[in-house]
Amino acid sequence: MSGIGPPEPGEGTRAWDGPRQKGPAGRTRAALAGRCARHRRTALSLAAAAALLGGGALYATRPHPPAPTRRPHPQVPYPVHAVDVTYLGARPAPAGAPPRSFSLTVLLSVASGPPVTVTRVTQPYAALSLVTEPPAPFRTPADSARKITITMHVTECEKAPRNAELPFLDVTLRNTRAIQTQSFILGPRYAQDLSQALEVACSNRSR
């Protein structure tokens, strides 16, 4: 079929209106400037982080002066290391002591450290009892000595040793560091005087 005039566009046909219009030049420049600013901020952040890491590594690896050495405080000695007991000799029992009693004297010395307190003095024989003068507990300061009179009483002559070999005294000591019990062997003169006093106390002879 033929007709006069230009053909009509078919259904679904899209006409070309000409070349696409570009956006305004100002908007394009603004977008480019924004991207450049973001890249600059990122680069600056990375550079700052690298500088911090590098500085930390240098600080960690640089030589440090040694820490000052603390001088240890002088330690308080144990009481048994500061105390010595020596035998002085025999003496008569004090007035008012029960029968079959006798006295021996010792010297307790404290060499150093804080004061030492004697809390108890005992001896190993079950047939004997004892008291001290001064009575325990008593205190002795450092760099000093104290004479102690030990009065023993024979409670059972049948169980009392007739020949005391290596007799000793158990002395309980206390200072600010510790409480300790030390056995002091007072030597042959103490053993001889003790044996003689026991013999006299349990015989029919009077002293």
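Modeller: A search of the whole structure, which is a predicted model, finds one aromatic pair. In this model local features need pLDDT of at least 70 and side-chain atom pairs count only at pLDDT 80 or more, while totals for chains, interfaces and linings use all residues. Residues are numbered from 1 along each chain as its sequence is written, and side-chain values use heavy atoms, with hydrogens and water left out.

Biologist: Why is the pair of Tyr87 and Tyr190 called edge-to-face?

Modeller: Rings of Phe, Tyr and Trp (its six-membered ring) pair if their centres lie within 6.5 Å, and planes under 30 degrees apart count as stacked, over 60 as edge-to-face and the rest as tilted. The centres of the Tyr87 and Tyr190 rings are 5.2 Å apart and their planes stand at 75 degrees, so the pair is edge-to-face.

Biologist: What makes this pair a tie between parts of the chain?

Modeller: Tyr87 belongs to strand β1 and Tyr190 to helix α3 (residues 188-201), so the pair ties together parts that are 103 residues apart in sequence. Helices (H or I, at least four residues) and strands (E, at least two) are DSSP runs, numbered from the N terminus.

Biologist: Why are Arg100 and Leu166 given the labels they have?

Modeller: Arg100, in the loop between β1 (83-91) and β2 (101-110), has 37% relative accessibility and so counts as partly exposed. Leu166, in the loop between β6 (144-154) and β7 (168-174), has 64% and so counts as exposed. Although neither is a glycine, Arg100 has a positive phi of about 60 degrees and Leu166 a positive phi of about 50 degrees.

Biologist: How do you know that the charged end of Arg177 sits over the ring of Tyr78?

Modeller: A charge sits over a ring if NZ of Lys or CZ of Arg is within 6 Å of the ring centre and within 35 degrees of the ring normal. The charged end of Arg177 is 3.8 Å from the centre of the Tyr78 ring, and it is listed as sitting over that ring.

Biologist: What makes Asn175 a buried residue, and what does its side chain reach?

Modeller: Asn175, in the loop between β7 and β8 (179-185), has 10% relative accessibility and so counts as buried. Its side chain reaches the backbone oxygen of Pro77 at 2.9 Å. A polar contact is a pair of N or O atoms within 3.5 Å; within protein, one must be able to donate a hydrogen and the other to accept it, and residues adjacent in sequence count only if both atoms are side-chain atoms.

Biologist: What joins β2 to β6?

Modeller: Ten bridges join these antiparallel strands, and two strands pair if DSSP finds at least two bridges between them. The open sheet of four strands has the order β1-β2-β6-β4, with antiparallel pairing, and its edge strands are β1 and β4, each of which pairs on one side only.

Methods: Buried < 20%, exposed > 50% of the residue type's maximum accessible area, 1.4 Å probe, protein only.
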